[in-house]
Amino acid sequence: MLRERTVQRLYRLLDSTRLKVLALTAAEFVGLRRFLVRLDTNNFCNLNCRFCPEVARRRESDYSPRVLRYIDFRRIAAQLFPQARILYLSCSGEPLLTPGFPRYLSLAADYGVPFISFVTNGTRIDEELIRVCIERGVNQITVSLDGAMAETVEHLRPGLDFTSLLDRLRLLAEQKRRRGSDRPELRLNYVVMRDNLDQAPAFIDLAAELGADSVQFRPLTPYPGNPFTTAQHLGAAEQRRAGGIMKSAAQRAGRKGIKLLEHSEFVGRDRGSTGALIERCAYPWYYRYVNPTGGLGICPRRGVIGNLLTDDYSTLMAAPRMRRIQRDVLRGGGECAAHCAR
Ligand SMILES: C[S@@+](CC[C@H](N)C(=O)[O-])C[C@H]1O[C@@H](n2cnc3c(N)ncnc32)[C@H](O)[C@@H]1O
Ligand code: SF4
(Lines give C-alpha, C1' and ligand atoms only; values in the text may rest on other atoms or scores of the structure.)
(Ligands and ions follow the chains in the order given, each with its own letter.)
Protein backbone atom coordinates (compact mmCIF):
# COMPACT_ATOMS: atom_id res chain seq x y z
CA MET A 1 0.00 0.00 0.00
CA LEU A 2 1.21 3.52 -0.82
CA ARG A 3 2.49 5.33 2.24
CA GLU A 4 0.42 8.31 3.43
CA ARG A 5 3.15 10.86 2.66
CA THR A 6 3.65 9.47 -0.84
CA VAL A 7 -0.08 9.87 -1.55
CA GLN A 8 0.08 13.45 -0.24
CA ARG A 9 3.10 14.26 -2.42
CA LEU A 10 1.46 12.82 -5.53
CA TYR A 11 -1.69 14.79 -4.78
CA ARG A 12 0.24 18.05 -4.34
CA LEU A 13 1.76 17.59 -7.79
CA LEU A 14 -1.70 18.09 -9.24
CA ASP A 15 -1.75 21.83 -9.73
CA SER A 16 -5.33 22.52 -10.71
CA THR A 17 -8.75 22.07 -9.17
CA ARG A 18 -10.00 20.03 -12.12
CA LEU A 19 -7.12 17.52 -11.96
CA LYS A 20 -7.51 17.19 -8.20
CA VAL A 21 -11.26 16.70 -8.44
CA LEU A 22 -10.71 14.10 -11.15
CA ALA A 23 -8.22 12.22 -8.95
CA LEU A 24 -10.53 12.42 -5.92
CA THR A 25 -13.55 11.26 -7.92
CA ALA A 26 -11.50 8.35 -9.29
CA ALA A 27 -10.41 7.52 -5.73
CA GLU A 28 -14.05 7.51 -4.62
CA PHE A 29 -15.02 5.36 -7.59
CA VAL A 30 -12.48 2.65 -6.75
CA GLY A 31 -13.30 2.83 -3.04
CA LEU A 32 -10.07 4.50 -1.81
CA ARG A 33 -10.18 6.52 1.40
CA ARG A 34 -9.94 10.19 0.49
CA PHE A 35 -11.12 12.39 3.37
CA LEU A 36 -9.09 14.57 5.65
CA VAL A 37 -11.38 14.80 8.68
CA ARG A 38 -10.98 17.34 11.48
CA LEU A 39 -13.33 16.76 14.34
CA ASP A 40 -13.71 18.74 17.56
CA THR A 41 -15.21 16.76 20.43
CA ASN A 42 -15.58 19.91 22.54
CA ASN A 43 -15.31 23.71 22.33
CA PHE A 44 -13.63 24.56 25.62
CA CYS A 45 -10.19 24.70 27.16
CA ASN A 46 -8.40 24.87 30.51
CA LEU A 47 -5.88 27.53 29.40
CA ASN A 48 -6.21 31.16 28.35
CA CYS A 49 -3.38 31.56 25.85
CA ARG A 50 -2.82 35.23 25.11
CA PHE A 51 -2.72 34.72 21.34
CA CYS A 52 -5.55 32.23 20.90
CA PRO A 53 -8.72 33.30 19.07
CA GLU A 54 -10.70 30.65 20.97
CA VAL A 55 -10.25 32.55 24.25
CA ALA A 56 -12.18 35.53 22.83
CA ARG A 57 -14.78 33.22 21.28
CA ARG A 58 -15.46 31.71 24.70
CA ARG A 59 -16.35 35.20 25.97
CA GLU A 60 -18.99 35.86 23.28
CA SER A 61 -22.59 36.06 24.48
CA ASP A 62 -23.80 33.18 22.30
CA TYR A 63 -21.05 30.81 23.50
CA SER A 64 -21.98 27.76 25.51
CA PRO A 65 -19.69 24.84 26.30
CA ARG A 66 -20.44 21.72 24.25
CA VAL A 67 -19.23 18.15 24.21
CA LEU A 68 -19.84 15.68 21.41
CA ARG A 69 -21.22 12.72 23.36
CA TYR A 70 -19.64 9.36 22.63
CA ILE A 71 -22.96 7.99 21.35
CA ASP A 72 -23.16 10.87 18.83
CA PHE A 73 -19.51 10.50 17.95
CA ARG A 74 -20.25 6.88 17.04
CA ARG A 75 -23.01 7.96 14.65
CA ILE A 76 -20.73 10.46 12.95
CA ALA A 77 -17.82 8.03 12.84
CA ALA A 78 -20.00 5.48 11.03
CA GLN A 79 -20.72 8.06 8.32
CA LEU A 80 -17.24 9.50 7.81
CA PHE A 81 -14.50 7.23 9.10
CA PRO A 82 -14.80 4.42 6.53
CA GLN A 83 -13.69 7.03 3.95
CA ALA A 84 -11.20 8.89 6.17
CA ARG A 85 -7.53 8.80 5.19
CA ILE A 86 -6.35 11.30 7.80
CA LEU A 87 -8.16 12.07 11.03
CA TYR A 88 -7.32 14.97 13.33
CA LEU A 89 -9.39 14.46 16.44
CA SER A 90 -9.17 18.12 17.48
CA CYS A 91 -8.92 21.50 15.90
CA SER A 92 -9.96 24.38 18.14
CA GLY A 93 -10.95 22.96 21.55
CA GLU A 94 -8.82 21.02 24.03
CA PRO A 95 -9.52 17.34 23.22
CA LEU A 96 -8.18 15.90 26.46
CA LEU A 97 -10.97 17.66 28.38
CA THR A 98 -13.58 15.49 26.64
CA PRO A 99 -14.62 12.85 29.18
CA GLY A 100 -13.39 9.41 28.08
CA PHE A 101 -11.38 10.81 25.14
CA PRO A 102 -9.27 7.60 24.81
CA ARG A 103 -12.49 5.75 23.86
CA TYR A 104 -12.98 8.14 20.96
CA LEU A 105 -9.46 7.41 19.73
CA SER A 106 -10.05 3.72 20.10
CA LEU A 107 -13.20 3.84 18.01
CA ALA A 108 -11.34 5.70 15.25
CA ALA A 109 -8.72 2.94 15.31
CA ASP A 110 -11.51 0.34 14.96
CA TYR A 111 -12.32 1.92 11.59
CA GLY A 112 -8.73 1.40 10.46
CA VAL A 113 -8.18 5.08 9.66
CA PRO A 114 -4.57 5.07 8.34
CA PHE A 115 -3.44 8.25 10.08
CA ILE A 116 -4.89 9.35 13.43
CA SER A 117 -3.62 12.42 15.26
CA PHE A 118 -4.77 15.14 17.62
CA VAL A 119 -3.40 18.47 18.82
CA THR A 120 -3.41 19.26 22.51
CA ASN A 121 -1.94 21.61 25.07
CA GLY A 122 -0.68 18.44 26.76
CA THR A 123 -1.79 19.36 30.27
CA ARG A 124 -3.97 16.23 30.63
CA ILE A 125 -1.71 13.63 29.05
CA ASP A 126 -1.74 10.66 31.44
CA GLU A 127 -0.91 6.94 31.58
CA GLU A 128 -4.35 5.83 30.37
CA LEU A 129 -4.20 8.06 27.29
CA ILE A 130 -0.66 6.95 26.50
CA ARG A 131 -1.58 3.27 26.91
CA VAL A 132 -4.53 3.56 24.48
CA CYS A 133 -2.45 5.52 21.97
CA ILE A 134 0.28 2.89 22.02
CA GLU A 135 -2.04 -0.14 21.99
CA ARG A 136 -4.33 1.25 19.26
CA GLY A 137 -1.47 2.55 17.09
CA VAL A 138 -2.43 6.24 17.17
CA ASN A 139 0.05 7.76 14.77
CA GLN A 140 0.79 11.14 16.27
CA ILE A 141 0.23 13.45 19.20
CA THR A 142 0.91 17.11 18.51
CA VAL A 143 1.62 19.13 21.62
CA SER A 144 1.61 22.90 21.49
CA LEU A 145 4.62 24.33 23.27
CA ASP A 146 5.97 27.75 22.41
CA GLY A 147 9.29 28.26 24.12
CA ALA A 148 12.25 26.65 25.82
CA MET A 149 11.91 28.57 29.09
CA ALA A 150 9.24 28.16 31.76
CA GLU A 151 8.88 31.91 32.25
CA THR A 152 8.12 32.56 28.57
CA VAL A 153 5.75 29.65 28.07
CA GLU A 154 3.81 30.27 31.27
CA HIS A 155 3.44 33.94 30.33
CA LEU A 156 2.11 33.08 26.85
CA ARG A 157 -0.19 30.33 28.10
CA PRO A 158 -1.71 31.43 31.41
CA GLY A 159 -2.80 28.39 33.40
CA LEU A 160 0.04 26.17 32.13
CA ASP A 161 2.56 24.55 34.47
CA PHE A 162 5.69 24.12 32.32
CA THR A 163 7.39 21.59 34.61
CA SER A 164 4.28 19.42 34.83
CA LEU A 165 3.90 19.47 31.04
CA LEU A 166 7.52 18.37 30.53
CA ASP A 167 6.98 15.55 33.06
CA ARG A 168 3.97 14.34 31.04
CA LEU A 169 5.98 14.39 27.82
CA ARG A 170 8.79 12.48 29.52
CA LEU A 171 6.21 9.91 30.67
CA LEU A 172 5.10 9.50 27.06
CA ALA A 173 8.69 8.95 25.91
CA GLU A 174 9.36 6.55 28.77
CA GLN A 175 6.21 4.44 28.13
CA LYS A 176 6.98 4.21 24.41
CA ARG A 177 10.53 3.11 25.19
CA ARG A 178 9.36 0.57 27.76
CA ARG A 179 6.82 -0.94 25.35
CA GLY A 180 9.18 -0.76 22.35
CA SER A 181 6.76 1.42 20.39
CA ASP A 182 7.66 4.30 18.09
CA ARG A 183 3.99 5.35 18.07
CA PRO A 184 2.50 7.76 18.77
CA GLU A 185 5.06 10.10 17.26
CA LEU A 186 5.45 13.30 19.23
CA ARG A 187 5.22 16.50 17.22
CA LEU A 188 5.72 19.87 18.88
CA ASN A 189 4.00 22.96 17.49
CA TYR A 190 5.63 26.27 18.32
CA VAL A 191 3.82 29.52 17.49
CA VAL A 192 6.58 32.03 16.73
CA MET A 193 6.27 35.62 17.91
CA ARG A 194 8.46 38.44 19.24
CA ASP A 195 8.62 37.06 22.79
CA ASN A 196 9.88 33.59 21.83
CA LEU A 197 11.63 33.94 18.45
CA ASP A 198 15.13 33.81 19.96
CA GLN A 199 14.42 30.58 21.84
CA ALA A 200 13.80 28.56 18.67
CA PRO A 201 17.30 26.94 18.48
CA ALA A 202 17.31 26.13 22.22
CA PHE A 203 13.84 24.63 21.77
CA ILE A 204 15.33 22.01 19.44
CA ASP A 205 17.55 20.82 22.31
CA LEU A 206 14.52 20.59 24.57
CA ALA A 207 12.53 18.75 21.87
CA ALA A 208 15.37 16.22 21.50
CA GLU A 209 15.55 15.73 25.24
CA LEU A 210 11.78 15.08 25.30
CA GLY A 211 12.03 12.48 22.53
CA ALA A 212 10.09 14.54 19.96
CA ASP A 213 10.10 13.28 16.37
CA SER A 214 9.26 16.59 14.72
CA VAL A 215 8.87 20.29 15.37
CA GLN A 216 6.86 22.85 13.49
CA PHE A 217 7.57 26.54 13.92
CA ARG A 218 4.46 28.36 12.77
CA PRO A 219 4.03 32.11 12.49
CA LEU A 220 1.58 33.78 14.85
CA THR A 221 -1.65 34.76 13.14
CA PRO A 222 -2.66 38.22 14.38
CA TYR A 223 -6.34 38.79 15.11
CA PRO A 224 -8.16 42.11 15.02
CA GLY A 225 -9.41 42.88 18.51
CA ASN A 226 -6.46 41.07 20.12
CA PRO A 227 -3.73 43.73 20.62
CA PHE A 228 -1.35 41.10 22.02
CA THR A 229 -1.28 39.33 18.66
CA THR A 230 -0.74 42.51 16.67
CA ALA A 231 2.10 43.58 18.99
CA GLN A 232 3.73 40.14 18.88
CA HIS A 233 3.43 39.60 15.11
CA LEU A 234 6.85 39.73 13.42
CA GLY A 235 7.35 42.75 11.20
CA ALA A 236 9.30 42.75 7.91
CA ALA A 237 12.70 43.37 9.58
CA GLU A 238 12.13 40.58 12.10
CA GLN A 239 11.02 38.23 9.35
CA ARG A 240 14.54 38.46 7.93
CA ARG A 241 16.08 37.86 11.36
CA ALA A 242 13.62 34.98 11.84
CA GLY A 243 14.96 33.40 8.64
CA GLY A 244 18.49 33.31 10.18
CA ILE A 245 17.26 31.94 13.50
CA MET A 246 15.22 29.26 11.76
CA LYS A 247 18.27 28.29 9.73
CA SER A 248 20.24 27.77 12.91
CA ALA A 249 17.33 25.80 14.43
CA ALA A 250 17.18 23.67 11.27
CA GLN A 251 20.91 22.87 11.47
CA ARG A 252 20.54 21.88 15.10
CA ALA A 253 17.46 19.76 14.27
CA GLY A 254 19.47 18.00 11.56
CA ARG A 255 22.22 17.14 14.04
CA LYS A 256 19.72 15.90 16.65
CA GLY A 257 17.65 13.81 14.21
CA ILE A 258 14.52 15.92 14.60
CA LYS A 259 12.39 16.54 11.57
CA LEU A 260 11.69 20.23 11.12
CA LEU A 261 8.37 20.71 9.39
CA GLU A 262 8.93 23.63 7.10
CA HIS A 263 6.75 26.67 7.17
CA SER A 264 6.97 28.65 3.97
CA GLU A 265 6.76 32.07 5.68
CA PHE A 266 10.15 31.54 7.32
CA VAL A 267 11.99 30.58 4.16
CA GLY A 268 11.00 33.50 1.96
CA ARG A 269 8.10 31.84 0.17
CA ASP A 270 5.20 33.67 1.74
CA ARG A 271 2.21 33.09 -0.48
CA GLY A 272 1.05 36.58 0.45
CA SER A 273 -2.59 35.80 1.10
CA THR A 274 -4.28 33.91 3.87
CA GLY A 275 -6.91 32.76 1.38
CA ALA A 276 -6.50 29.51 -0.50
CA LEU A 277 -6.07 29.79 -4.25
CA ILE A 278 -9.36 28.87 -5.88
CA GLU A 279 -7.48 27.48 -8.89
CA ARG A 280 -5.95 24.78 -6.71
CA CYS A 281 -8.78 24.24 -4.28
CA ALA A 282 -10.48 20.88 -3.96
CA TYR A 283 -11.58 21.14 -0.32
CA PRO A 284 -15.27 20.29 -0.87
CA TRP A 285 -14.21 16.95 -2.38
CA TYR A 286 -11.91 15.81 0.43
CA TYR A 287 -12.10 18.05 3.53
CA ARG A 288 -14.64 17.38 6.28
CA TYR A 289 -14.84 19.30 9.55
CA VAL A 290 -17.23 18.35 12.34
CA ASN A 291 -17.93 20.57 15.34
CA PRO A 292 -19.05 19.35 18.80
CA THR A 293 -22.74 19.78 17.94
CA GLY A 294 -22.43 17.70 14.76
CA GLY A 295 -22.18 20.66 12.34
CA LEU A 296 -20.45 19.66 9.10
CA GLY A 297 -18.05 21.93 7.22
CA ILE A 298 -16.48 21.14 3.84
CA CYS A 299 -13.88 23.91 3.75
CA PRO A 300 -11.79 25.57 6.51
CA ARG A 301 -12.96 29.04 5.47
CA ARG A 302 -16.71 28.61 5.32
CA GLY A 303 -19.37 27.84 7.91
CA VAL A 304 -21.19 24.57 8.37
CA ILE A 305 -23.42 23.30 5.58
CA GLY A 306 -25.61 21.01 7.70
CA ASN A 307 -25.69 18.76 10.73
CA LEU A 308 -24.69 15.12 10.87
CA LEU A 309 -26.83 14.44 13.94
CA THR A 310 -30.03 15.63 12.30
CA ASP A 311 -29.36 14.89 8.62
CA ASP A 312 -27.94 11.94 6.80
CA TYR A 313 -24.47 12.53 5.33
CA SER A 314 -25.48 11.40 1.83
CA THR A 315 -28.48 13.77 1.91
CA LEU A 316 -26.20 16.69 2.78
CA MET A 317 -23.80 15.78 -0.01
CA ALA A 318 -26.61 15.65 -2.57
CA ALA A 319 -28.21 18.92 -1.38
CA PRO A 320 -28.32 21.93 -3.76
CA ARG A 321 -26.05 23.95 -1.40
CA MET A 322 -23.24 21.40 -1.71
CA ARG A 323 -23.63 21.26 -5.48
CA ARG A 324 -23.52 25.06 -5.64
CA ILE A 325 -20.31 25.23 -3.61
CA GLN A 326 -18.63 22.64 -5.84
CA ARG A 327 -19.77 24.57 -8.92
CA ASP A 328 -18.37 27.82 -7.42
CA VAL A 329 -14.99 26.17 -6.88
CA LEU A 330 -14.82 24.71 -10.38
CA ARG A 331 -15.74 28.08 -11.90
CA GLY A 332 -13.53 30.06 -9.51
CA GLY A 333 -16.33 32.42 -8.50
CA GLY A 334 -19.58 32.67 -6.57
CA GLU A 335 -19.38 32.65 -2.79
CA CYS A 336 -15.87 31.18 -2.96
CA ALA A 337 -14.49 34.34 -4.54
CA ALA A 338 -15.48 36.20 -1.36
CA HIS A 339 -13.42 33.84 0.80
CA CYS A 340 -10.38 32.96 -1.26
CA ALA A 341 -7.83 34.61 -3.53
CA ARG A 342 -7.50 34.06 -7.26
C1 LIG B 1 -6.51 26.47 19.04
S2 LIG B 1 -5.38 25.24 19.55
C3 LIG B 1 -6.45 23.89 20.01
C4 LIG B 1 -5.72 22.67 20.46
C5 LIG B 1 -5.09 22.72 21.84
N6 LIG B 1 -5.86 23.39 22.82
C7 LIG B 1 -3.69 23.29 21.76
O8 LIG B 1 -3.41 24.34 22.30
O9 LIG B 1 -2.87 22.64 21.11
C10 LIG B 1 -4.71 24.64 18.00
C11 LIG B 1 -3.37 25.23 17.65
O12 LIG B 1 -3.54 26.59 17.29
C13 LIG B 1 -2.40 27.30 17.74
N14 LIG B 1 -2.74 28.72 17.81
C15 LIG B 1 -3.56 29.34 18.69
N16 LIG B 1 -3.61 30.66 18.44
C17 LIG B 1 -2.81 30.89 17.36
C18 LIG B 1 -2.44 32.06 16.63
N19 LIG B 1 -2.91 33.27 16.95
N20 LIG B 1 -1.61 31.91 15.59
C21 LIG B 1 -1.12 30.70 15.23
N22 LIG B 1 -1.44 29.55 15.89
C23 LIG B 1 -2.26 29.65 16.95
C24 LIG B 1 -2.12 26.65 19.08
O25 LIG B 1 -0.82 26.91 19.53
C26 LIG B 1 -2.34 25.20 18.75
O27 LIG B 1 -1.16 24.59 18.27
S1 SF4 C 1 -4.55 25.65 25.01
FE2 SF4 C 1 -5.11 25.70 22.84
S3 SF4 C 1 -7.31 26.14 22.71
FE4 SF4 C 1 -6.61 26.51 24.83
S5 SF4 C 1 -6.33 28.69 24.87
FE6 SF4 C 1 -4.36 27.73 24.42
S7 SF4 C 1 -4.16 27.59 22.17
FE8 SF4 C 1 -6.30 28.08 22.69
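Axes here are lines fitted to C-alpha atoms, for helices over the stretch in contact, and angles between them run from 0 to 180 degrees between N-to-C directions. That is needed for the first stop in this predicted model.

**Stop 1: helices 9 and 11**

Select residues 200-209, which form helix 9, and residues 236-256, which form helix 11. The two pack with their axes 8 Å apart, at an angle of about 20°. Angles under 35 degrees count as roughly parallel, and helix 9 and helix 11 are therefore roughly parallel to each other. Helix 9 passes helix 11 in a right-handed crossing.

Now show the side chains at the contact. On helix 9, pick Ala200, Pro201, Ile204 and Ala208. On helix 11, pick Ile245, Met246, Ser248, Ala249, Arg252, Ala253 and Lys256. Coloured by class, this contact shows eight nonpolar residues, one polar and two charged.

**Stop 2: helices 4 and 5**

Move to residues 70-80 for helix 4 and residues 101-110 for helix 5. Here the axes lie 11 Å apart and the packing angle is about 20°, which makes helix 4 roughly parallel to helix 5. The crossing of helix 4 over helix 5 is right-handed.

Helix 4 brings Tyr70, Phe73, Arg74 and Ala77 to the contact, and helix 5 brings Arg103, Tyr104, Leu107 and Ala108. Six of the residues in the contact of helix 4 with helix 5 are nonpolar, two are charged and none is polar.

**Stop 3: ligand 1**

Centre the view on ligand 1. Which residues come nearest to ligand 1? Of the 18 around it, they are Cys52, Glu94, Asn121, Ser144 and Thr221. Then select helix 3 (53-57), strand 3 (115-120) and strand 5 (185-192), each of which supplies at least two residues of the shell around ligand 1. By class, that shell holds seven nonpolar, eight polar and three charged residues.

**Stop 4: ligand 2**

Next, select ligand 2 and its surroundings: Cys45, Leu47, Asn48, Cys49, Cys52, Glu54, Val55, Glu94, Asn121, Ser144 and Arg157. Five of the shell residues around ligand 2 are nonpolar, three are polar and three are charged. Keep Cys52, Glu94, Asn121 and Ser144 highlighted: they are around ligand 2, and they are among the residues that come nearest to ligand 1.

**Stop 5: the whole chain**

Zoom out and switch to a cartoon. The protein chain has 15 helices and ten strands. Of its 342 residues, 32% are buried. Among contacts in the protein chain with a separation of 6 or more, 74% join residues 24 or more positions apart.

Technical notes
Residues numbered from 1 in each chain as written. Chains lettered and ligands numbered in written order. Predicted model: local features only at pLDDT ≥ 70, side-chain atom pairs only at ≥ 80, totals over all residues. Near = placed C-beta within 6 Å. Nonpolar A, V, L, I, M, F, W, Y, C, P; charged D, E, K, R; others polar. Helix = DSSP H or I, 4+ residues; strand = E, 2+ residues; numbered from the N terminus. Parallel < 35°, antiparallel > 145°, perpendicular 65-115°, else oblique. Left-handed = near helix turned anticlockwise from the far one by under 90°. Contact = placed C-beta atoms within 7 Å. Buried ≥ 20, exposed ≤ 12 C-beta atoms within 10 Å, placed from the backbone.
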